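Hello,

Here is the structure I promised to hand over. Please open it first, then read the notes below.

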Amino acid sequence: MKRTAVLVMAVLVAAGFVWAQGGLLINGAGATFPYPIYSKWFDVYHQKNNGIQFNYQSVGSGAGIKQVTEGTVDFGATDGPMNDEQLKAYQDKHGAPILHFPTVLGAVVPTYNVPGVSGSLNFTPEALAGIFLGKITKWNDPAIAGANKGVNLPANDIVVVHRSDGSGTTYVWTDYLSKVNEEWKSKVSKATSVNWPVGLGGKGNEGVTGLIKQTPNSIGYVELIYAAQNSIPFGSVKNAAGAFVKADLKSVSEAAAGAAKEMPDDFRVSITNAPGKSAYPVSSFTWLLIPSKIDDAKKRDAIKGFLGWMLADGQSFADQLSYAKLPKEVVEKDKKAIAKVQ
């Protein structure tokens, strides 16, 4: 009997579950974009509330939306808000709506591995769209070289890297490209998964980062923290005001400034290509997807308690992990929305 109990525990651990006697396990899945800060939050919150354990699987926004809709997890996470069709599918299945809760702000950056080029490159919207459409194929193409005077760009073929899984990071990237390039909008459009015209696929921000590090002459897109943690270069992007801006906490916050004052009640908003001279143009909120009706009272209270903590103490961890804090207006609106979870 004792041996059986040990084996059962080993299976649970191997499956990625944590079991604590008398504790409460809350399962979630979704976006890789905010995984570094979610992992930190869940660990700190567990330490402060020993009976509550969050198990979060970083599987991509598309999978997070699917799993929370199917009811196989207690909450989801996404960087691209659910569309009307997805919201209807959830409500039809569960008889109550699902809610979007903004958590932090992040940036998607163009990152690259070009031999002999270690500094930060400038990218225009035309160059990025051309590269990912497969129309700009050489690193020394005038569309790239023209924005990088004095940089010795090689005549090597560009290797495009994109996400292979359903991804909120992809949603943000393609949402931006759809706003700045009509050909991209008509041929590819925006979604968590698209039919890529060209390129190699990597799973998760982690997979794309790994592919870029090991593939000379490559370019891809990842959330800012993944580029920073892996010490790979990432470029500045020309914004709507015509300025080349590199992603940092200030430029991401600037991108959210206008939307924060006019945030819709359902929190579904896009801030890519935002106005403002210092706004980084590929910025986004990221959201937790919380059912408005949770039958398990203990889980409901624990999730609501976490949301309140996340909006207060949790925001203090954002800067150190290269995310921007939520604007005060959004925090206050978020706090009121917690009451909708019943």
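**Strand β4 and its partners**

β4 and strand β8 (residues 218–223) pair in the antiparallel sense, over 6 bridges. One of the meeting points is N113, whose bridge partner in β8 is S218. Another residue to look at is P110, which stands opposite Y221 in β8.

Before you go further, note that this is a predicted model. Confidence comes up again at the end.

β4 also pairs with strand β11 (residues 283–291). That pairing is antiparallel and has 9 bridges. Look for H100 here: its bridge partner in β11 is L289.

How many residues of β4 are buried? The count is 15 of the 16 in residues 98–113, so the strand is largely enclosed by the rest of the structure.

**Strand β8**

β8 is mostly covered too, with 6 of its 6 residues buried. Its residues point two ways. S218, G220 and V222 point one way from the strand. I219, Y221 and E223 point the other way. Both sets are buried, E223 included.

β8 has a pairing with strand β6 (residues 159–163) as well. This one is parallel, over 2 bridges. V160 has I219 of β8 as its bridge partner.

**A sheet of 3 strands**

Next, find the open sheet with the order β5-β9-β10. It has 3 strands and mixed pairing. β5 (122–123) and β10 (244–245) are the edge strands, each pairing on one side only. β5 and strand β9 (residues 236–238) run parallel and are joined by 2 bridges. In that pair, F123 has V237 of β9 as its bridge partner.

**The largest pocket**

Now for the open space. The largest pocket holds about 220 Å³. Its lining has 13 residues. Which of them lie nearest the centre? They are Y90, P291, K293, I294 and D295. Two helices, α4 (84–94) and α12 (297–311), each supply at least two residues of the lining. By class, the lining divides into 6 nonpolar, 2 polar and 5 charged residues.

**Two cavities**

The structure holds 2 cavities of 30 Å³ or more.

The largest cavity has a volume of about 50 Å³. It is lined by 13 residues. Nearest its centre are Y171, V172, D175, S270 and S284. α7 (168–180) and β11 each supply at least two residues of this lining. The classes here are 6 nonpolar, 5 polar and 2 charged.

The second largest cavity has about 40 Å³ of space. Its lining is F42, F54, F75, L288, I290, I303, F306 and L307. β11 and α12 are the elements that give two or more residues to it. α12 gives the most, with 3 residues. What classes make up this lining? There are 8 nonpolar residues, with no polar and no charged ones.

**Two residues with positive phi**

F267 has a positive phi of about 65°, although it is not a glycine. This residue sits in the loop between α11 (249–261) and β11. Is F267 buried or exposed? F267 is buried, with a relative accessible area of 2%.

S322 also has a positive phi of about 65° and is not a glycine. Its place is the loop between α12 and α13 (328–337). S322 has a relative accessibility of 19% and counts as buried. The cut-off for buried is under 20%.

**Confidence**

The mean pLDDT of the protein chain is 91. In all, 94% of its residues reach 70 or more. Where does pLDDT stay under 50? That happens over residues 1–21. For this stretch the model has 10 contacts beyond four places in sequence.

**Where to start**

I would begin with β4, where 15 of the 16 residues are buried. Then turn to the largest pocket, with Y90 and P291 among the residues nearest its centre.

Best wishes

Note on methods: Residues are numbered from 1 along each chain as its sequence is written. This is a predicted model: local features need pLDDT of at least 70, side-chain atom pairs count only at pLDDT 80 or more; totals for chains, interfaces and linings use all residues. Side-chain values use heavy atoms; hydrogens and water are left out. On a 1 Å grid over the protein atoms alone, a cavity is a set of points where a 1.4 Å probe fits but cannot get out, and a pocket is an open set with protein on both sides within 12 Å along at least five of seven lines; lining residues have an atom within 4 Å of a point. Grid points are joined across faces, edges and corners, and a volume is the space filled by probe spheres set on the points. Helices (H or I, at least four residues) and strands (E, at least two) are DSSP runs, numbered from the N terminus. Ala, Val, Leu, Ile, Met, Phe, Trp, Tyr, Cys and Pro count as nonpolar, Asp, Glu, Lys and Arg as charged, and the others, Gly among them, as polar. Two strands pair if DSSP finds at least two bridges between them. Buried means under 20% relative accessible area, exposed over 50%, partly exposed in between (1.4 Å probe, protein chains only). pLDDT is the predictor's confidence in each residue, from 0 to 100. Contact means heavy atoms within 4.5 Å.
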